[in-house]
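Thanks for asking me to look this over.

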Amino acid sequence: ASYADAWNGASIFVTEKSTPYDADSWHRTSDTNYEKGVLSWTHVHDLDGESSSAYFAYFPPYSYERHLGLIAQCAESEGARVFSLGQTVSGREIDCVKVGTGPRKCWIIHRQHPGESMASFYAEGLLNRLLALDDKWDNVSEKARELFTFYIVPNINPDGSANGYLRTNAAGSNLNREWCPSPSPPAADGSSASEMYEAPTLHRSPEVYYLLKHMDETGCDAFLDIHGDEALPFNFLAGSQGMSVWGKRLESLHGAFLASYERANQDMQAKVSYDPEKPNEGMKNICSNQIAERFDCFAATLEMPFKECWGRPAGWGPERAGQLGASVLDALCYVQPHLRDGSDFWEGLPDEDAYVEPSSKY
């Protein structure tokens, strides 16, 4: 974990399959404990069982091979076009799946932080529904393809995923701090650096460089950056409250989107999130902040828990992360008419769609 205190309340996953990549085989241990800097749990292994091995994880892994299989499925789908945005530091393709013919452009990216594997399960659930990869068609996905042109990046950091990194790409860059130039970090002696930290660059963060290049070409009306959070045991949305474009319009879109999402999937909630940044004090080098500012659009970071999801039945894991990905289509279709609405549309929204000021306290 990148935050040791986040081990409090965690429950380690275990599987006894011969390979750790069967997502359905993982289950949580019941006695995970973190005390005085020591993480412990109990597992009794049957040496005469199906496998001689046992695997443990903070969250079940999503392999690069599974990612390539998902991309191949999408490429074979009649409703999709798969193309590469560019290449990573190590030369891997940055796969993008284009779906739909609608007037609004929606970009959804996943796994900037490669250790947050739930984001890949989310992407799989989203693409399964949107393209009926499981042969299950529904009216919402059909409507979504008519309302939007989707650009879905299932894994923007395949180098980090393949190498087993937690938060960086192959160059050691945290991609979620590479979205625009920013002040250089302090020197080792604590003095302030005079030069700006240039970002994104082809040398250090080509993944972000190529993505922004394509977004500037297509435009963007709605954007989601999909992550996992180690500390908060909730699914939640972090908005762009600290950016200069934030006002009644974006506040109302944020509220209506979240309210609709909750109605579609009760694993989502609105009350708990990161404490919002103060007005005009947002970090512009963070992905969703930069996209909101750059395109004056609804943009947010969606976080899913490593831990069990508080207030919900036990069993949060890959399957429900996929279901959450599928459910986002309901929320996007709900707010689509208002994404570029210049009127005071919020005056006609029901009370249950009102924006909720979130807090990290729970």
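The points below go through aromatic pairs, charges over rings, strand pairing and pockets in this predicted model.

1. Let's begin with the aromatic rings. A search of the whole structure turns up 18 aromatic pairs. One of them joins F13 and F59, with 5.5 Å from centre to centre and 70° between the planes, an edge-to-face arrangement. F13 belongs to strand β1 (residues 13-15), while F59 sits in the loop between β5 (55-57) and α1 (64-76), so this contact ties together parts that are 46 residues apart in sequence. F13 is buried, at a relative accessible area of 3%, and F59 is buried as well, at 6%.

2. A second pair worth a look is F236 with Y274. Their ring centres are 4.9 Å apart and the planes meet at 80°; because the angle is over 60 degrees, the pair counts as edge-to-face. Here too, distant parts of the chain are linked: F236 is in strand β13 (residues 236-238) and Y274 is in the loop between α6 (248-264) and α7 (287-295), 38 residues apart.

3. W7, F13, Y58, F59, Y62, F121 and F306 are linked into a cluster by ring pairs. That cluster includes F13 and F59, the edge-to-face pair from the opening point.

4. Two arginines are placed over tyrosine rings. R92 lies over the face of Y64, 5.3 Å from the ring centre. R263 lies over the face of Y334, at 5.1 Å from the ring centre.

5. Next, have a look at strand β7 (residues 93-99). Is this strand mostly covered or mostly uncovered? Five of its seven residues are buried, so β7 counts as mostly covered, buried meaning under 20% relative accessible area. R81 stands opposite K98 of β7. Five residues lie between the strands in the hairpin of β6 and β7, where G91 takes a positive phi near 95°.

6. Strand β7 has another partner. Three bridges join β7 to strand β9 (residues 148-153), and these two run antiparallel. V99 has F150 in β9 as its bridge partner.

7. The largest pocket has a volume of about 530 Å³. Its lining is made up of 27 residues, and N176, R177, Y274, I286 and E303 lie nearest its centre. The elements giving two or more residues to this lining are β12 (222-229), α7 and β14 (298-305), and β12 provides the largest share, with three residues. By class, the lining has eight nonpolar, eleven polar and eight charged residues.

8. The second largest pocket has a volume of about 320 Å³. Which residues lie nearest its centre? They are P61, R111, P114, G115 and G164, out of 22 lining residues. Both α1 and α4 (158-163) supply at least two residues of the lining, and the largest share, three residues, comes from α4. The classes here are 13 nonpolar, six polar and three charged residues.

Note on methods: Residues numbered from 1 in each chain as written. Predicted model: local features only at pLDDT ≥ 70, side-chain atom pairs only at ≥ 80, totals over all residues. Heavy atoms only, no water. Phe/Tyr/Trp six-rings, centres within 6.5 Å; stacked < 30°, edge-to-face > 60°. Helix = DSSP H or I, 4+ residues; strand = E, 2+ residues; numbered from the N terminus. Buried < 20%, exposed > 50% of the residue type's maximum accessible area, 1.4 Å probe, protein only. Lys NZ or Arg CZ within 6 Å of the ring centre and 35° of its normal. Pairing = 2+ DSSP bridges. 1 Å grid on protein atoms, 1.4 Å probe; cavity = no way out; pocket = protein on both sides within 12 Å on 5 of 7 lines; lining within 4 Å. Points joined across faces, edges and corners; volume = space filled by probe spheres on them. Nonpolar A, V, L, I, M, F, W, Y, C, P; charged D, E, K, R; others polar.
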